[in-house]
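Please look over the sequence and the model below before reading the notes. The briefing covers confidence, strand pairing and salt bridges.

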Amino acid sequence: MMSLLSRALAFFWRRRVNLREDQQRLLPGAVKTRTVQGVVTRICSDYGLIDESIYFSTDVVISNVPLVVGHKVFAVVEEDKTSFGLKAIEVEAFSDHFDDSGPSNPGTKVLIGYITSVMKDTIYINEGISFCLDTVCEGFVPCKGDWLEVVYSTEPGTTHIKAHSVMPMNCRHMDKVSITSVHGRHGVIDNKIFFTLDSLKLPAGYVPRKDDVVNVVVVESTQSRCLWRAVSMTHAHGF
């Protein structure tokens with residue numbers, strides 16, 4: 001039922017956006033806008049950020065539920081002539097932020113958050129929630145800044161969260177991208193993907209170098225100016 005509702009809301013959102021764009025095309029000198037999807041990465045009393053790059057004030061939020069860090073949103077954005085960045089003029093949360101398909105086990109919920117620190121065998125997310133590393137999916141080494149999807153339950157009579165599974169919120173495979181910089185044990189690929197040798201899986205004997213063309217598996221992660229982090233890398237042409 002919730003899935004059908006989500007699709008219906010998305011349909012009416014697209015219709016509203018298309019209508020707005022049609023109206024703008026008819027108005028000479030109208031400000032150009034576009035619609036994006038993103039994640040709320042910062043929220044304060046009267047403003048917030050989407051994907052650490054799109055500013056919005058709370059008075060443009062049209063959702064019935066208050067936004068929190070981790071909410072997936074639709075946003076209508078325009079260029080801010082003062083900062084030359086992007087500013088949202090309308091923001092609406094996805095209705096399926098809490099995974100309307102639902103986890104398979106009754107009583108469990110899905111939480112989306114980013115890692116604020118990793119200490120020994122404990123991961124901390126969203127500035128206050130913690131869980132053990134042994135709940136993380138096999139083969140994934142989490143780092144500060146990574147966005148995670150956590151299936152959890154609350155112990156009866158308490159507010160303590162018990163994590164059942166932890167995995168990257170978004171994972172992609174990218175072929176034939178170039179390493180644009182290497183500084184010690186850190187580097188950047190294609191000017192947008194961060195990597196660190198401390199958590200990067202590499203073929204035996206391979207050392208990444210600037211201008212290497214590589215194939216990578218990346219996870220969504222907030223790393224300085226990058227929104228992705230490479231978790232494994234192979235040379236596209238061998239070495």
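The notes below start with how the model was made and read, and then go through its features by topic.

This is a predicted model, in which local features need pLDDT of at least 70 and side-chain atom pairs count only at pLDDT 80 or more, while totals for chains, interfaces and linings use all residues. Residues are numbered from 1 along each chain as its sequence is written, and side-chain values use heavy atoms, with hydrogens and water left out.

**Confidence**

- The chain has a mean pLDDT of 77, where pLDDT is the predictor's confidence in each residue, from 0 to 100.
- A pLDDT of 70 or more is reached by 75% of the residues.
- Helices (H or I, at least four residues) and strands (E, at least two) are DSSP runs, numbered from the N terminus.
- Over residues 1–30 the pLDDT stays under 50, and the model gives this stretch 28 contacts beyond four places in sequence; a contact means heavy atoms within 4.5 Å.
- Residues 95–104 also have pLDDT below 50, with 18 contacts beyond near neighbours in sequence.
- Where pLDDT is low, the predicted coordinates should not be read in detail.

**Strand pairing**

- Strand β11 (residues 171–183) runs antiparallel to strand β14 (residues 213–223), and six bridges join them. Two strands count as paired if DSSP finds at least two bridges between them.
- Within this pairing, H173 has V217 in β14 as its bridge partner.
- β11 also pairs with strand β12 (residues 186–189), in the antiparallel sense and over four bridges.
- Three residues lie between the strands in the hairpin of β12 and β13, where D190 takes a positive phi near 55°.

**Salt bridges**

- The whole structure contains five salt bridges, each defined as a side-chain nitrogen of Lys or Arg within 4 Å of a carboxyl oxygen of Asp or Glu.
- One of them joins D146 and R229, at 2.7 Å from N to O. This pair links distant parts of the chain, 83 residues apart: D146 is in the loop between β8 (129–132) and β9 (147–154), and R229 is in strand β15 (residues 226–235).
- D146 counts as buried because its relative accessibility is 0%, and R229 is likewise buried at 0%. Buried means under 20% relative accessible area, exposed over 50%, and partly exposed in between (1.4 Å probe, protein chains only).
- Another salt bridge joins K192 and D190, whose closest N and O atoms are 3.4 Å apart. K192 is partly exposed at 39% relative accessible area, and D190 is partly exposed at 32%.
- D190 is also the residue with the positive phi in the hairpin of β12 and β13.
- K87 and E78 meet in a salt bridge at 4.0 Å, N to O. K87 is partly exposed at 29% relative accessibility, whereas E78 is buried at 17%.
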